[in-house]
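This note sets out a colleague's remarks on the structure shown below. Please read the numbered points with the model at hand.

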Amino acid sequence: MTHPLTPDELLSTTRAVRRRLDFDRPVPHALIEECIGLALQAPSASNGQPWSFVVVTDPTQKAAIADWYRKSYDAYSPPDAPTEGVDPALVRMKRSSRYLAERFHEVPAMVIPCVRGRLDQRSSEGQAAGWGSIVQAGWSFCLAARARGLGTCWTTLHLTYEREVADILGMPFDEVTQTSLITTGYFTGDGFKPAPRGPLEDIVRWERWT
């Protein structure tokens, strides 16, 4: 079931859902596949469509992946990191991301967008083509999920242990690059508002950098 959002509303209210994820409500496989089907309409370099999506809902596999994610997260953001003098918005984000990390094994679905081949072994142009293709498809998945009452969060910290996660999933590490892990589930509460952003004049440059 899609929610009646205009394109502008969809683009401006697709937020990273961490604390408001409904950890107790399963997401039907058919609904995830519907979102992936729409993601496959995204453009890709030379129309190569180099992507695949691994969806993980099995509790044992989710728990194993979550262990690696938390190990990476603790190195990235230690639980005892000082907060004094830190931007309050950053502190809130850190608390939200830690909440998700602590409950990572409970997320209803983990969606892992992948690219054929090893991106780290390609030229700069080849890497840009691979990332440019999968990011557009992955974001399309997030938008499709938002339109269907699902919340997502694009995460990458598990990639520190990409090989270990590949082993968990029976994935040929030398032949496939994992590019992210999108936590997916229904969200609680009401809808989302546009996030605060800086003025355009601070980031838009016409014709030349200076």
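Predicted model: local features only at pLDDT ≥ 70, side-chain atom pairs only at ≥ 80, totals over all residues.

1. Cysteines. How many disulfides does the structure hold? The count is zero. For Cys35, the closest cysteine sulfur belongs to Cys142 and lies 9.4 Å away, which is too far for a bond. For Cys114, the closest cysteine sulfur is likewise in Cys142, at a distance of 14 Å, again too far for a bond. A disulfide would require the two sulfur atoms to be within 2.5 Å. Cys35 is buried, its relative accessible area being 0%, and Cys114 is also buried, with a value of 0%.

2. Largest pocket. The volume of the largest pocket is about 470 Å³. Its lining is made up of 16 residues, and those nearest the centre are Arg15, Ala16, Arg18, Met93 and Ala195. Sorted by class, the lining of this pocket comprises eight nonpolar residues, seven charged residues and one polar residue.

3. Second largest pocket. For the second largest pocket, the volume is about 260 Å³. Which residues lie nearest its centre? They are Ser77, Pro78, Ala81, Thr83 and Lys94, out of a lining of 14 residues. Two elements, α3 (59–76) and α4 (88–102), each give two or more residues to this lining. The largest share, five residues, is that of α4. In terms of class, nine of the lining residues are nonpolar, three are charged and two are polar.

4. Geometry of α3. Helix α3, which contributes to the lining of the second largest pocket, has 18 residues. At 1.5 Å a residue, α3 should span 26 Å, and the C-alpha atoms at its ends are 25 Å apart, so the two values agree.

5. Faces of α3. Which residues of α3 are buried? They are Lys62, Ile65, Ala66, Tyr69, Ser72 and Tyr73. Viewed down the helix axis, the buried residues of α3 fall within an arc of 130°, and therefore they line one face of the helix. An α-helix has 3.6 residues a turn, so residues three or four places apart point the same way. Thr60 and Ala75, on the other side of α3, are exposed.

6. Ala81. This residue, one of those nearest the centre of the second largest pocket, is found in the loop between α3 and α4. Ala81 counts as partly exposed because its relative accessibility is 36%, a value between the limits of 20% and 50%. The C-alpha atom of Ala81 is separated by 38 Å from that of Arg116, which is 35 residues away along the chain.

7. Phe173. The loop between α6 (162–169) and β4 (176–178) contains Phe173. Is Phe173 buried or exposed? Phe173 counts as buried, because its relative accessibility of 16% is under the 20% limit. Between Phe173 and Ala195, 22 residues apart along the chain, the C-alpha separation is 37 Å. Ala195 is also among the residues nearest the centre of the largest pocket.

8. Gln178. Strand β4 includes Gln178, which counts as buried at 1% relative accessibility. Thr156 lies 22 residues from Gln178 along the chain, and their C-alpha atoms are separated by 9.2 Å.

9. Positive phi values. Two residues other than glycine deserve a check of the backbone, Gln49 and Glu207. Phi of Gln49 is near 45°. Gln49 lies in the loop between α2 (29–39) and β1 (51–56), and it counts as partly exposed at 39% relative accessibility. Phi of Glu207 is near 70°. Glu207 is placed in the segment after β5 (181–186), and at 76% relative accessibility it counts as exposed.

Terms used: Residues numbered from 1 in each chain as written. Heavy atoms only, no water. Buried < 20%, exposed > 50% of the residue type's maximum accessible area, 1.4 Å probe, protein only. 1 Å grid on protein atoms, 1.4 Å probe; cavity = no way out; pocket = protein on both sides within 12 Å on 5 of 7 lines; lining within 4 Å. Points joined across faces, edges and corners; volume = space filled by probe spheres on them. Nonpolar A, V, L, I, M, F, W, Y, C, P; charged D, E, K, R; others polar. Helix = DSSP H or I, 4+ residues; strand = E, 2+ residues; numbered from the N terminus. Expected span 1.5 Å × (residues − 1). Arc of directions from axis to C-beta.
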